[in-house]
Structure formats: structure tokens, C-alpha cells
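Me: I am new to this one and would like a friendly tour. Could you show it to me first?

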Amino acid sequence: MNPTQPQSIFLQVIERIHNGILSGTYKVGGRIPSVRDMATRLEVNPNTIVKAYDRLIEAGLIEPRPGVGNYIKEGAPEIVRQERQKTFYNEIIPAIAYEMKLLNIPYEQATEQLKHFINQTIISKGV
């Protein structure tokens with residue numbers, strides 16, 4: 001976790017779990033780390049993890065099982081993917097388009113760079 005980021009720590013925890021759901025680190029039906037384990041791993045206050053897990057429960061992404069732990073719910077990857085795509089199309093692409101216009105970057109140059117980064121991601125992360 002990065003306390004210097006403008007995003008609060010509990011939102012960074014949520015994003016990390018979202019990334020884990022999308023990448024397959026946390027599989028549907030699988031257990032996520034306990035509050036204590038996650039707090040230790042991320043070096044944050046357990047109350048921060050509780051707050052993040054509560055939000056994930058409210059969002060329908062994890063299911064608490066008393067005495068057993070928290071589990072990724074069916075449909076969680078689709079929910080996270082839809083949310084992230086919405087953000088991508090409504091916030092990220094407009095911001096990129098604005099910067100391209102401001103910096104006078106031709107569309108063709110930007111698409112070439114995008115292809116390059118996508119290929120690098122596929123190669124380096126084995127996607």
C-alpha cells in the first residue's frame with residue numbers, strides 16, 4: 001500500500017482484491033486472506049481491511065462465512081470487469097484523448113504505442 005497516493009488505503013486494498021479477482025489470484029468460490037493475514041501482508045491496520053471487506057461484501061463480490069472466512073462469490077469477476085470497463089471508457093479514454101489533443105499526438109502514433117504496450121504486457125505477464 002502506498003500512503004502517498006491520493007487514493008485512501010482501504011480503496012487501495014479494494015483495488016488490489018479487484019485485481020486479484022480479475023487475474024485469477026482469487027478464484028470464484030475461493031477463500032481470500034483473513035483480516036489479520038491481509039493486514040499483516042499489506043502492513044496496514046486490521047480496521048482498514050475490515051472496512052475494505054465490508055465494501056466488497058456490500059458490492060456482492062465476497063461472501064462472509066462466519067467462523068470460516070470470506071469467499072469470492074459467483075459472478076464477482078464479471079461485476080469487477082464491468083465496473084472497470086465503465087471507468088476505462090468514461091474516465092480513462094477521455095483523459096487520454098484530452099492529453100493527446102493537448103500534446104498534439106497523432107492518433108496513429110498513440111495506437112502504435114498502445115499496441116507496443118499491449119504486446120509487452122502479454123509477453124511479460126504471460127496473459
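Me: At what angle do helix α1 and helix α4 pack?
Reply: Before the answer, note that this is a predicted model, where local features need pLDDT of at least 70, side-chain atom pairs count only at pLDDT 80 or more, and totals for chains, interfaces and linings use all residues. Residues are numbered from 1 along each chain as its sequence is written, and side-chain values use heavy atoms, with hydrogens and water left out. Helices are DSSP runs of H or I with at least four residues, strands are runs of E with at least two, and both are numbered from the N terminus. Taking axes as lines fitted to C-alpha atoms over the stretch in contact, with angles from 0 to 180 degrees between N-to-C directions, α1 (residues 9–23) and α4 (residues 76–103) have axes 9 Å apart and an angle of about 115°.

Me: Which residues of α4 make the contact with α1?
Reply: Contact here means heavy atoms within 4.5 Å. On the α1 side, the contact is made by E15, H18, N19, I21 and L22. Their partners on α4 are A76, P77, V80, R81, E83 and R84.

Me: Is H18 buried or exposed?
Reply: H18 lies in helix α1 and touches L56, L61, V80, E83 and R84, leaving aside residues up to four places away in sequence. Buried means under 20% relative accessible area, exposed over 50%, and partly exposed in between (1.4 Å probe, protein chains only). Because its relative accessibility is 12%, H18 counts as buried.

Me: How does F88 sit against Y89 as an aromatic pair?
Reply: Rings of Phe, Tyr and Trp (its six-membered ring) pair if their centres lie within 6.5 Å; planes under 30 degrees apart are stacked, over 60 edge-to-face, and the rest tilted. A search of the whole structure finds 1 aromatic pair. In that pair, F88 and Y89 are 5.4 Å apart centre to centre with 75° between the planes, which makes them edge-to-face.

Me: Which ring does the charged end of R65 sit over?
Reply: A charge sits over a ring if NZ of Lys or CZ of Arg is within 6 Å of the ring centre and within 35 degrees of the ring normal. K51 gives one example, with its charged end 4.1 Å from the centre of the F10 ring. For R65, the distance is 4.0 Å, and the ring belongs to Y71.
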